[in-house]
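Here is a friendly briefing to read alongside the structure.

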Amino acid sequence: MKDGNSHSIFIAIFCIFLTHLAAFIALSVYQIDRINKIEELVLDVERSPDESIQIKDFIDILKKQQTNGKVSKRSVLPSPMLSDFVDAQKSFIKATCEENSQASILTVLKSFAEFTNQRLQLKGQFRHIRQAASGGEMGQIFEQLANSELAIFDKYCQNSTICLPGPKGDHGDKGDPGVKGDAGSAGAQGMNGLKGDVGLQGPEGNQGQVGAQGVQGDKGSIGPQGVMGPAGAQGLIGLTGSDGQKGVPGVRGLPGPAGPSGLDGATGLKGDKGNVGPQGPGGQRGIQGPAGPKGERGEVRDVLTQVDDVNSCCERLSTPSFASTQEKIKVIEGTPVVLRCDPNGLPTPTVQWTPSATSIGTKHAQRQGRDIIIGNAAAGDSGTYQCTANNVLGKAQKEIVLDVYKHIVIEERPRNFTVLNGQSVTLECKFDGKPVPSVSWFHKNQLGISEAVTSGITPIVNGSQLHLDHVSLSDIGEYICYGTNGVETIDLHAFVDTQGPPKIINIPVMQTFVGETLHLRCDAQGKPPATTSWLTPPNVNNAYEDKDGTLVILSVTKQDAGPYICRATNVFGTDTATTTLVVKDAAKAEIATPLVGVKPNANNFALDCKASGEQPLSVRWFHNGQIVAQDSTHYIMPDHTLLVLSMSKPQEFGRYTCKVSDANGSANKTALVYDDKGVKSCSAAFTTCEVICGATCPANCGSSPTPVYGTYRYDLSSSLCKSGIHSGFVQPSGGTVVWQTTQQQTPSYSGSSKYGVTSQNLAPATSAFDGVPITN
């Protein structure tokens with residue numbers, strides 16, 4: 001009986017224990033759910049500051065007595081003391097919640113939690129003796145729950161970065177502008193602008209003296225090099241010569257070595273303004289300016305229907321985001337890789353990788369900050385990596401696809417070939433790798449110019465073949481096979497060369513004129529290089545072969561005309577080519593007396609012109625660039641002599657040119673007709689002259705004490721004959737000096753030493769004219 005009672009008591013105690021434990025667990029779960037709802041409510045406030053708050057949600061959390069529509073067996077407020085408080089304040093809480101803003105509601109909740117904590121602490125002092133009982137355990141539970149709620153309110157209401165806005169306040173005074181941030185980096189350079197407009201025309205220069213137009217002179221024979229003479233005075237403008245006969249095209253020469261780089265050209269015109277470059281990064285934020293003046297009073301609004309901007313008291317909050325949510329990375333195995341996770345957001349997001357760095361392998365993959373660094377990428381690291389960024393407002397994801405390629409392996413290299421002209425060649429290259437590399441071919445010719453090969457290519461397994469059919473000289477050079485997988489590129493090189501008999505480049509018919517020196521080239525292609533030789537007509541004895549194989553014919557005559565044969569030879573054979581030389585007489589004009597002086601008492605003069613060339617010939621006379629027409633004063637004789645009768649002085653003085661033309665070209669000669677001033681002494685000075693004047697100088701005027709002022713142009717006080725020697729137009733032994741007087745441009749003269757005569761400086765000039773010695 002005693003044992004049975006003991007067993008019953010044990011069962012009763014065990015049931016009571018289970019009941020208390022169940023109540024404890026239920027209460028704990030409920031309080032945790034209550035805390036979570038408060039947290040979610042605050043987060044909803046942060047996410048949707050513009051939406052009104054359902055006040056009944058707060059009161060339901062504080063007063064909730066039912067779960068799932070049924071009455072809970074245990075009240076949310078297990079203490080009578082707490083129940084009395086809620087009942088007594090029920091109306092006050094409801095009225096306060098309906099009339100005040102969200103911030104006020106949170107204040108009420110916070111006050112409730114603080115009051116609950118204080119009452120529990122006071123109650124704990126009177127029940128200190130009974131802490132071992134179950135009631136003491138429940139007190140501790142309520143105290144912990146109250147402290148938890150108080151901590152929650154402190155977390156969301158005392159945090160300076162998360163708070164609810166009050167009514168819109170008056171505008172503050174406008175602050176001064178902050179210090180300007182540093183300028184962003186310059187954008188990329190724009191494209192070259194279009195050519196600008198031509199600049200304004202410069203000021204007009206001084207008008208130069210108009211000279212008579214000259215005609216083209218005959219080419220003289222090459223004489224011994226003489227002493228360098230002084231620069232002659234500017235002559236009259238000569239007649240425009242007729243176009244010469246078009247020469248026969250010469251043989252194309254071998255390419256010469258590359259010349260040195262030329263000088264930089266002149267700066268081009270300024271182009272149009274280029275396009276605006278991409279925006280540079282923003283400068284640093286300036287220092288905050290002082291508070292602005294107080295603004296006008298804001299409009300009062302119902303805080304239950306419209307909530308002001310959260311940024312009026314808090315920093316801007318944002319959910320996590322990425323500038324780009326997709327990224328592809330391709331690398332070769334063995335190279336380092338950085339997988340970057342760079343989210344934006346406030347509060348600062350936390351980052352989580354899938355897969356993580358540790359799952360990749362700690363030996364070659366490590367987490368560094370938000371990023372994953374793979375120090376030595378392997379093919380097994382290929383895959384998709386996902387970076388997830390979280391904060392209290394939400395989350396975002398970024399996906400990175402990593403492809404790690406294996407190194408390209410060379411399976412077969414193309415071989416070098418040396419073949420005879422006309423044979424065929426096949427080049428082949430192979431690569432292995434994942435993915436399989438693509439193959440392309442390029443040809444670099446003998447001039448170093450590289451071009452893509454587009455014909456004769458056949459794809460094969462893991463490679464490509466290039467077939468060259470009937471190889472010729474144009475196929476010689478370097479061939480490059482490129483294999484690439486998009487990340488790594490391998491290039492293989494092979495050379496193709498040919499050998500065979502030489503081939504002479506066509507030599508055209510050559511044409512030249514009597515007296516010219518002709519160079520005939522014979523260019524041949526082939527390997528090995530060919531040697532060349534010439535066979536000339538039997539009567540040619542003025543020709544020789546230069547060391548480069550060029551045939552040089554000196555002073556060509558009519559007897560040099562005929563066929564010329566070039567022969568090119570190497571070990572594989574010989575090639576010959578024939579060209580015909582045509583020799584023609586060039587038009588030629590000769591004047592026996594180039595200087596003609598007219599005495600003061602003379603009214604007539606004659607100019608002879610000997611003309612030769614291919615028939616028919618055309619002979620014309622020009623006076624100071626203007627054609628001479630036959631009239632009562634001017635006569636052209638059948639032998640082309642020009643007679644001028646009853647001349648009008650001084651208009652008839654000047655330059656007379658005889659121009660001879662035939663089908664092959666033209667030639668001309670010029671004579672000077674001048675006002676003859678007779679014989680002058682060595683001390684005689686220049687005299688003014690309306691057109692052209694001349695005089696005869698005695699010998700040894702170079703030693704005359706009479707001074708000479710100037711160089712090429714002389715002061716009129718200078719010795720005439722001594723100036724003629726200084727200018728190089730009169731010999732020291734004497735002769736004729738011809739001169740003009742021109743309007744002075746510079747009122748000073750510079751001296752110099754020439755031809756044994758030293759002239760002096762002079763400033764200012766003694767006359768408004770210059771004396772200028774001239775020649776034909």
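Strands β14 and β18 (residues 463-468) pair in the antiparallel sense, with six bridges between them; two strands count as paired if DSSP finds at least two bridges between them. Helices (H or I, at least four residues) and strands (E, at least two) are DSSP runs, numbered from the N terminus. Please keep in mind that this is a predicted model: local features need pLDDT of at least 70, side-chain atom pairs count only at pLDDT 80 or more, and totals for chains, interfaces and linings use all residues. Residues are numbered from 1 along each chain as its sequence is written, and side-chain values use heavy atoms, leaving out hydrogens and water.

**Strand pairing around β14**

- Lys430 has Gly463 as its bridge partner in β18.
- β14 (residues 425-432) also pairs with β12 (residues 409-412), antiparallel and over three bridges.
- In that pairing, Glu412 stands opposite Lys430 of β14.

**A three-stranded open sheet**

- β5, β9 and β8 form an open sheet in the order β5-β9-β8, with antiparallel pairing.
- β5 (337-339) and β8 (365-368) are at the edges with a single partner strand each, so one side of each has no neighbour in the sheet.
- Neighbouring strands here are turned by 25° against each other on average, direction ignored; the axes are lines fitted to C-alpha atoms, for helices over the stretch in contact, and angles run from 0 to 180 degrees between N-to-C directions.
- Four bridges connect β8 with β9 (residues 371-374), and Gln368 has Asp371 of β9 as its bridge partner.

**Nonpolar cores**

- The largest nonpolar core has 21 residues, and those with the most contacts inside it are Val337, Leu339, Trp353, Ile374, Tyr385 and Leu402. Such a core is a set of buried Ala, Val, Leu, Ile, Met, Phe, Trp, Tyr and Cys residues joined through side-chain atoms within 4.5 Å.
- Elements that each supply at least two residues of this core include β5, β9 and β11 (394-405); β11 gives the most, with four residues.
- Beyond its neighbours within four places in sequence, Leu339 is in contact (heavy atoms within 4.5 Å) with Ile329, Trp353, Asp371, Ile372, Ile374, Tyr385 and Ile400.
- Another core, of 20 residues, lies apart from it, with Cys609, Val644, Tyr656 and Cys658 among them.

**Aromatic pairs**

- The structure holds four aromatic pairs. Rings of Phe, Tyr and Trp (its six-membered ring) pair if their centres lie within 6.5 Å, and planes under 30 degrees apart count as stacked, over 60 as edge-to-face and the rest as tilted.
- Phe442 and Tyr482 are edge-to-face, because their ring centres are 5.6 Å apart and their planes stand at 90°. Phe442 is in β15 (residues 438-444) and Tyr482 in β19 (residues 477-484), 40 residues apart.
- Phe442 is partly exposed at 27% relative accessible area, and Tyr482 is partly exposed at 27%. Buried means under 20%, exposed over 50%, and partly exposed in between (1.4 Å probe, protein chains only).
- Phe605 and Tyr656 are also edge-to-face, at 5.6 Å centre to centre and 70° between the planes. Phe605 is buried at 7%, and Tyr656 is buried at 0%.
- Phe686, Tyr714 and Trp739 form one aromatic cluster.

**Helix α7**

- Eight of the eight residues in α7 (residues 720-727) are buried.
- At its start, a side-chain oxygen of Ser719 comes to within 3.3 Å of the backbone nitrogen of Lys722.
- Just after α7, Gly728 takes a positive phi of about 90°.

Key: A polar contact is a pair of N or O atoms within 3.5 Å; within protein, one must be able to donate a hydrogen and the other to accept it, and residues adjacent in sequence count only if both atoms are side-chain atoms.
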